[in-house]
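Trainee: I am new to this structure. I would like a close look at a single part, taken step by step.

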Amino acid sequence: MSEDRAGTSEQLGSQWYDHEAGPLVRPYAMTGGRTKPGPTGVRFDLIALVSLDAGAPDVGDDSSLGPEHLALTELCRVETQSVAELAAGADLPVGVVRVLLGDLLELGCVTVSRPVPPAQLPDERILREVIEGLRAL
Amino acid sequence: MVSEHSDATNAETAALALKILVAGGFGVGKTTLVGAVSEIRPLRTEELLSEAGQSVDDTDGVDEKVTTTVAMDFGRITIRSGLSLYLFGTPGQDRFWFLWDELSQGALGAVVLADTRRLEDCFPAVDYFEHRRIPFVVAVNCFVGARPYGGDEVSRALDLDRGTPVVLCDARDRDSGKEVLIRLVEYAGRMHTARLLDSVS
């Protein structure tokens with residue numbers, strides 16, 4: 001991508017191709033124009049963990065879901081992932097991932113962990129575990 | 001929906017993710033530090049933002065909305081199955097301060113990276129975390145060629161609250177980065193205990 005950019009910047013007035021032209025499908029198209037997750041109104045934290053629900057209906061059969069929804073479920077199928085990792089893995093903006101996850105949550109395809117509430121820390125035992133874990137790295 | 005709680009889902013709900021922010025001025029080594037300690041290659045997430053047009057792209061005084069992309073680098077350290085640490089490099093530019101509010105929600109603490117050749121670059125980050133009472137350590141990234149300073153000197157220059165740890169580090173070095181994180185988690189634990197005692201008395 002950076003190569004494309006370097007190439008075109010030298011030829012001012014040249015046409016935009018590929019990455020330079022921006023995404024073929026605009027973010028708002030993937031979300032059907034929505035900027036916030038559905039009626040449940042959850043705001044997914046960047047480190048909220050998303051896993052595939054074992055008893056989930058097959059998302060491939062649901063015509064209301066787009067390819068980006070399926071891409072997210074495929075990523076979760078490999079391992080439980082944070083919202084930030086999903087966004088990086090699917091190469092989608094975080095805002096788009098949040099809306100799509102809202103859909104998947106409502107359909108019961110995924111489960112999402114609640115982030116630690118603000119101003120509250122995990123107990124001492126966890127912190128000790130983290131310190132020991134870091135030392136052992 | 002009928003919810004059947006199998007052992008697997010119980011294990012998932014018990015999964016815990018902790019968040020640590022890495023802040024500091026532009027080019028101080030935030031992404032380098034994240035990369036040095038992360039078990040995954042630092043990933044990049046993007047946030048699309050709509051904001052009022054800045055004066056630089058002023059089109060005849062029309063208040064235009066433009067879309068900007070902010071990138072945040074992040075890494076992960078798995079402590080054990082079900083317990084992981086996520087590190088987020090905060091966006092360096094001042095105009096993305098509002099993103100910090102989201103990032104700092106529920107954060108365990110923060111590392112403020114400092115370069116002694118331009119210490120003033122980390123003032124905003126120090127202010128931010130002090131005001132919000134988010135535990136942080138100052139990690140002085142010892143660049144080659146920079147005059148070495150002691151932790152006390154840096155602490156005085158930054159006018160830090162008493163007890164805020166200052167650690168000298170090399171952001172490229174994994175062990176050095178680990179040490180910074182350990183100091184932060186220890187400090188966050190102490191701050192938390194102190195606050196609990198405060199609230200009781």
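Predicted model: local features only at pLDDT ≥ 70, side-chain atom pairs only at ≥ 80, totals over all residues.

In what order do the three strands of the open sheet in chain A lie, and is the pairing parallel or antiparallel?

Mentor: The three strands of the open sheet in chain A follow the order β2-β1-β3. Their pairing is antiparallel. The edges are β2 (81–82) and β3 (110–112) of chain A, and each of these pairs on one side only.

Take the pairing of β1 with β2 in chain A. Strand β1(A) covers residues 49–52, and two bridges tie it to β2(A) in the antiparallel sense. One residue pair to find is Val50(A) and its bridge partner Gln81(A), which sits in β2(A). Helix α5 (residues 94–106) of chain A packs on it and touches β1 and β3 of chain A. The direction of α5(A) makes about 115 degrees with that of β3(A).

Now follow α5(A) to its helix neighbour. Two packed helices are described by the angle between their axes and the distance between the axes. For α4(A) and α5(A), the angle is about 110 degrees and the axes are 9 Å apart. Angles of 65 to 115 degrees count as roughly perpendicular, so α4(A) is roughly perpendicular to α5(A). From α4(A) come Val83(A), Leu86(A), Ala87(A) and Ala90(A). They meet Val94(A), Val97(A), Arg98(A) and Leu101(A) of α5(A). By class, the residues of this contact are seven nonpolar, no polar and one charged.

Next, turn to the contact between the chains. Chain A puts in 35 residues, and chain B puts in 35 residues. On the side of chain A that touches chain B, β1, α4 (83–90), α5 and α6 (124–136) of chain A each give two or more residues. Helix α6(A) gives the most, with nine residues. That side of chain A holds 21 nonpolar, nine polar and five charged residues.

Along the sequence they run α-β-α-β-β-β-α-β-α-β-α-β-α. Of the 201 residues in chain B, 36% are buried.

Look at β5 (residues 109–114) of chain B. Six of its six residues are buried, so β5(B) is largely enclosed by the rest of the structure. In a regular strand the side chains alternate between the two faces of the sheet. Here Gly109(B), Val111(B) and Leu113(B) point one way, while Ala110(B), Val112(B) and Ala114(B) point the other way.

Strand β5(B) has parallel partners. With β1 (residues 16–24) of chain B, β5(B) pairs over five bridges. Ile20(B) has Gly109(B) as its bridge partner there. Five bridges also join β5(B) to β6 (residues 136–141) of chain B. In that pairing, Val112(B) stands opposite Val138(B). Between β5(B) and β6(B), the chain crosses through helix α4 (residues 123–131) of chain B, and this β-α-β crossover is right-handed.

End with a helix pair in chain B. Helices α2 (residues 30–37) and α6 (residues 174–200) of chain B have axes that come within 8 Å and cross at roughly 100 degrees. That makes α2(B) roughly perpendicular to α6(B). Leu33(B), Ala36(B) and Val37(B) of α2(B) make the contact with Arg174(B), Gly177(B), Lys178(B) and Leu181(B) of α6(B). The residues of this contact comprise four nonpolar, one polar and two charged.

Methods: Residues numbered from 1 in each chain as written. Chains lettered and ligands numbered in written order. Helix = DSSP H or I, 4+ residues; strand = E, 2+ residues; numbered from the N terminus. Buried ≥ 20, exposed ≤ 12 C-beta atoms within 10 Å, placed from the backbone. Axes fitted to C-alpha atoms, helices over the stretch in contact; angles between N-to-C directions. Parallel < 35°, antiparallel > 145°, perpendicular 65-115°, else oblique. Contact = placed C-beta atoms within 7 Å. Nonpolar A, V, L, I, M, F, W, Y, C, P; charged D, E, K, R; others polar. Pairing = 2+ DSSP bridges. Right-handed = clockwise from strand over helix to strand, strands pointing away.
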